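Me: I'm new to reading structures and would like to know where the labels come from. Could you go through them with me?

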Amino acid sequence: MSKNDRFYTVRGYQLLNQEDKSLTSGMEDYLEMIYRNMEKEGYIRINTLSRLLNVKPSSATKMVQKLAALGLVDYQKYGIIFLTEDGKKYGKFLLDRHNVIEKFLQNIGITENLLLETELIEHSISKNTMKNIDLLNGFFETHPGVLEEFKKFKEIAGHGIGKT
Ligand code: ZN
């Protein structure tokens with residue numbers, strides 16, 4: 001992640017604080033997936049979305065209708081979903097948040113179940129904690145020596161952790 005992406009992330013928190021739309025974890029998963037996959041064509045089909053999320057098209061339709069009621073997606077006909085401007089902002093925030101957590105886990109040397117852990121953590125983290133993790137990632141990026149030191153430290157001090 002580049003420096004600029006981090007600034008956008010911080011701006012994302014501000015936007016969300018103003019709008020304060022709180023979604024359930026399930027809705028966030030949908031919105032994140034829509035945002036991830038609509039960049040190429042500008043829309044995503046309900047069938048594609050349900051395949052990507054491993055859910056039935058009927059379940060996907062229900063959830064998308066909820067997002068539409070919140071003004072985050074435009075879903076009218078032919079099974080095609082567009083994001084509204086608010087939906088794009090929120091989707092970007094969700095994807096950024098995902099990437100910040102994934103990056104942090106990678107920084108501390110997590111390789112096992114990386115995606116699963118990211119998915120679990122992302123829904124429960126506060127914006128403030130997230131912002132600070134984002135800063136920590138940035139600190140590691142600008143001070144790579146510190147991360148190297150941590151890796152060395154971990155090899156010695158962390159040896160045997162989790163192995164009884
Ligand atoms: Zn995610």
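Me: Why is Phe82 called partly exposed?

Reply: Phe82 has a relative accessible area of 40%. Buried means under 20%, exposed means over 50%, and partly exposed is what lies in between, using a 1.4 Å probe and protein chains only. The value of 40% falls in between, so Phe82 is partly exposed. Before we go on: this is a predicted model, in which local features need pLDDT of at least 70 and side-chain atom pairs count only at pLDDT 80 or more, while totals for chains, interfaces and linings use all residues. Residues are numbered from 1 along each chain as its sequence is written, and side-chain values use heavy atoms, with hydrogens and water left out.

Me: What makes Tyr43 and Phe82 a tilted pair?

Reply: Rings of Phe, Tyr and Trp (its six-membered ring) pair if their centres lie within 6.5 Å; planes under 30 degrees apart are stacked, over 60 edge-to-face, and the rest tilted. For Tyr43 and Phe82 the centres are 5.9 Å apart and the planes meet at 55°, so the pair is tilted. Tyr43 sits in the loop between helix 2 and strand 1 (44-45) and Phe82 in strand 3, 39 residues apart, so distant parts of the chain are linked. Helices here are DSSP runs (H or I, at least four residues), as are strands (E, at least two), numbered from the N terminus.

Me: How many aromatic pairs does the structure hold, and why is Phe139 with Phe140 called tilted?

Reply: There are three aromatic pairs. The rings of Phe139 and Phe140 have centres 6.3 Å apart and planes at 45°, so this pair is tilted. Phe139, at 35% relative accessibility, is partly exposed, whereas Phe140, at 12%, is buried.

Me: How do you know that Arg97 and Glu28 form a salt bridge?

Reply: A salt bridge is a side-chain nitrogen of Lys or Arg within 4 Å of a carboxyl oxygen of Asp or Glu. The closest N and O atoms of Arg97 and Glu28 are 2.7 Å apart, so the pair meets that definition. Arg97 lies in helix 5 and Glu28 in helix 2, so parts 69 residues apart in sequence are tied together. Both residues are buried. The structure holds seven salt bridges.

Me: What makes Lys89 and Asp86 a salt bridge, and where do they lie?

Reply: Their closest N and O atoms are 3.9 Å apart, so the pair is within the 4 Å cut-off. Both lie in helix 5, three residues apart, about one turn of the helix. Lys89 is partly exposed at 35% relative accessibility, and Asp86 is partly exposed at 24%.

Me: What makes a group of residues a nonpolar core, and which members of the largest one touch the most others?

Reply: A nonpolar core is a set of buried Ala, Val, Leu, Ile, Met, Phe, Trp, Tyr and Cys residues joined through side-chain atoms within 4.5 Å. The largest has 24 residues, of which Leu31, Ile34, Leu49, Leu67, Val73 and Ile81 touch the most other members. Helix 2 gives the most to this core, with seven residues.
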